[in-house]
Amino acid sequence: MSQRLQNNSKIWRQSFSSGCFSSLAITMLLPFTTSFISNTSSPLRGGRGRSRERRRAIHSLSSDESRFSPIPSSRYFSTTRLNQEAKHSKHEQHTRLISFVTDIEGDKAYFDRFVETSRILQFQDVEPNFAPGLDYFPYDKRVIFHHSQEDDNHADITTTTTTMQHDESIKNDSQGVDSKQSILVFGGDVGDKGGNDLYVIRQLLSLKKRYEKRVHFIMGNRDINKMRILQELGITSSSSASAQEKLTPHGGINWFRGTGLQGDADLIRQYNTRLSDNGEKDILENILVSDIPSERLKWILRKTMGSPDAFEYRRHELKEEKEFIARYEGRSDHNTNVSDEEVVESYRTACHPEHGIMGAYLSEAKLCLKIGGAMFMHGALPITPEAILQYEHCISASETDITRTEAKARFWAWFLDYATPFAKDAPVSTSEWTDRLNAFAKEQGDAWKRNVTITEAGGRRPDESVEEVGGIFEREDFWCTTGGYQKGDEQSDLAVEFGSLCQYGMGWLPDRSKNPTIVYDSWMQDGMPRYYSDNENASYKSIIDDFFDFAGLDVIVTGHQPVGDIPFPIRIGKGLREAKKFIICADTSYSGNTKWMGMDKSNRKNISNGVSLSGRGDVCVSEILLEQYETGGITSVISHGTLSDGEGYESANLLSDGEDIIGREADRDKFAFEGSVQDDSCDEVKWFVKTKFLDGGYLLSTGKGYEVFNSIGNQKT
């Protein structure tokens, strides 16, 4: 064990033995400390055997990233049961709504449907702004929160907009919901596949600018990878861009090594060696990356970012902008054609760290966000095979020379170090871990901006006359060629110093081992929850259960991997008496491909993708709504919207599921539902209960890869 891990593990042990708990140790060791103090035999059940006074004392040392005051309360931890007991207490009536949407990926139609469906958002007519810069807004509508409008100073003023309607799980204003405190969290992946990246980013940034503390962004892998654009495409002003422009030779892609694909870094190096040796070209020439800006950008998007149509989509979006401006100005003969060079310049402008809208988005976004009992991330905790082996190794040690509690302490000291692969020092608590993730993202963004600034200044710092060594945008050794995390000193190579965030946004390391990242990891495996997979052992579940307990969570909400036409809740824990906790996977970007079983009985079928450029189809939409007490606890979780068959839906509150069946595998002895591989009584396919509708029916789902199957079910009488 490394010295810093030994030190972290020592913090845990000292906390137990001395009874003196630092704020960091308490935040991380909550379930274990309470178990130790109460001498219970179940150290993982953080909500049991804990006095109200001790819970409040513990919470008083915690912090909450919400606008609500973090009043010390037992309802911060294991909140469901405690919240239900306190629903009628007079001082706990005020709540707010947190709305979540993710992976819009540039789908304008979906974004508009979401706003029109949302219970906290709506559109407002505005005058477009054609002035260049970050405030450029060539649209005649913008998003606002319900019950408010902005005056010239962007202050909220009560207005007579459409009133929200809620079921019993989401109360209306007269029952305690404070609409002026509602929050929007966007879970990442703002563009690439839907055809209107610029529109979606500008709408989100406009909302953020006007409601700074009520709008939060999460970084997705499709957002982070845009940091590569300027390094590989070069910085050129629009006045000098031309079809004759030639770029610095590209050194290739490190994750293409050994593939033989265009951009294979090993073959490019081999080609360059042969060329320097004998000056002759050979058959390796076809693996080189084009030095023509438009061709290189098409290759970057298509082959390295999984966005095969993004270049043409951008051309179409720019054409639509030109046409809108021409109509608005009353011109009918304006040339609205868009050249390849204009598309290139659009990407260069948007991906500028200081002046571009993608740079603005990334500067506002976080890798992980915790608001009371809710945590938001793009992907999942990096519970890799390596992490599971480490957990089992630590637990096995408890059978010989250490206690089980100390074994868990050793594992979590190791895990938080493992889950910050970019850091020199390991965090010692979950709160420090999230802070470290977000500080890392900010530092990387600052390095990105610094590199671009130096390059634009001709290789010199703006405040210095000494030339920097190696202008990063005039060299072949791009980060994508080397890959990996850079843990050098502050004077590290400028060519790679902001590449660590790019690496953190990827699923694999240069040696092709799993990357421990919350951006790319997934709670799903082959279309089904890993938590209930036959391929996962008890250790995987224990790690998740422990994390929920010591982080004081009711729910983790994520995106990244498509799960059908409705969010997929995964029930955490085992017993009916436990406080209900969920992971909610909310990426519905393939909803247009969802298949309905039993169509001959239910007459339900997917309306299909229609004219949608993305995989969402023309009708699907879902909004996740969390209702949160002032003290941070989550008291209600619902989703509502439209399914892929065009039917509107609204779910019951996940946290009020008295039968404890939502988010679990469906019991075939208790459910009858339409459509199956075999007869209902002997179907060997696992079906999961995705939601309970307000009419008492259930949506059940199964999947394989990106294929998702729906069925309507009811409990057998």
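Tutor: Start with one cut-off: buried means under 20% relative accessible area, exposed means over 50%, and partly exposed lies in between. Keep in mind that this is a predicted model. Now look at helix α12, residues 340-350, where V343, V344, E345, S346, Y347, R348 and A350 are buried.

Student: What do the buried residues of α12 pack against?

Tutor: They pack against α6, α8, α10, α11 and α13.

Student: S206 is in helix α6. Why is S206 called buried?

Tutor: Its relative accessible area is 16%. The cut-off for buried is under 20%, so S206 counts as buried. Leaving aside neighbours within four places in sequence, S206 is in contact with F137 and R142.

Student: What makes G260 partly exposed?

Tutor: G260 has a relative accessible area of 44%. Buried needs under 20% and exposed needs over 50%, so G260 falls in between and is partly exposed. G260 lies in the loop between α8 and α9. Leaving aside neighbours within four places in sequence, G260 is in contact with L267 and I287. G260 and L284 are 24 residues apart in sequence, and their C-alpha atoms are 9.4 Å apart.

Student: A666 is also in a loop, between β19 and β20. Why does A666 count as buried?

Tutor: Its relative accessibility is 8%. That is under 20%, so A666 is buried. Setting aside neighbours within four places in sequence, the contacts of A666 are F671, W687, F688, V689 and L700.

Student: Which residues meet in the contact of α6 with α13?

Tutor: From α6 come L198, I201, R202, L205 and K208, and from α13 come I357, M358, A360, Y361 and E364. By class, seven are nonpolar, none is polar and three are charged.

Student: How do you know that α15 is roughly perpendicular to α19?

Tutor: The axes of α15, residues 404-418, and α19 come within 12 Å and cross at roughly 85°. The range for roughly perpendicular is 65 to 115 degrees, so α15 is roughly perpendicular to α19. K408, F411 and W412 in α15 meet I543, D546, F547 and F550 in α19. This contact has five nonpolar, no polar and two charged residues.

Student: What is the order of the strands in the open sheet?

Tutor: The order is β9-β10-β13-β15-β14, with mixed pairing.

Student: Why do β9 and β14 stand at the edges?

Tutor: Each has a single partner strand, so one side of each is left without a neighbour in the sheet. On average, neighbouring strands of this sheet are turned by 15° against each other, direction ignored.

Student: What makes β10 and β13 a pair?

Tutor: A pair needs at least two bridges. Three bridges join β10 to β13, so the two strands pair, and they run parallel. A374 has V555 as its bridge partner in β13.

Student: In which sense do β2 and β3 pair?

Tutor: They pair in the antiparallel sense, over five bridges. F123 stands opposite V143 in β3.

Student: What makes β3 mostly covered?

Tutor: Five of its five residues are buried. In a regular strand the side chains alternate between the two faces of the sheet. In β3, K141, V143 and F145 point one way, R142 and I144 point the other way, and all are buried.

Note on methods
Residues are numbered from 1 along each chain as its sequence is written. This is a predicted model: local features need pLDDT of at least 70, side-chain atom pairs count only at pLDDT 80 or more; totals for chains, interfaces and linings use all residues. Side-chain values use heavy atoms; hydrogens and water are left out. Contact means heavy atoms within 4.5 Å. Helices (H or I, at least four residues) and strands (E, at least two) are DSSP runs, numbered from the N terminus. Ala, Val, Leu, Ile, Met, Phe, Trp, Tyr, Cys and Pro count as nonpolar, Asp, Glu, Lys and Arg as charged, and the others, Gly among them, as polar. Buried means under 20% relative accessible area, exposed over 50%, partly exposed in between (1.4 Å probe, protein chains only). Axes are lines fitted to C-alpha atoms, for helices over the stretch in contact, and angles run from 0 to 180 degrees between N-to-C directions. Angles under 35 degrees count as roughly parallel, over 145 as roughly antiparallel, 65 to 115 as roughly perpendicular and the rest as oblique.
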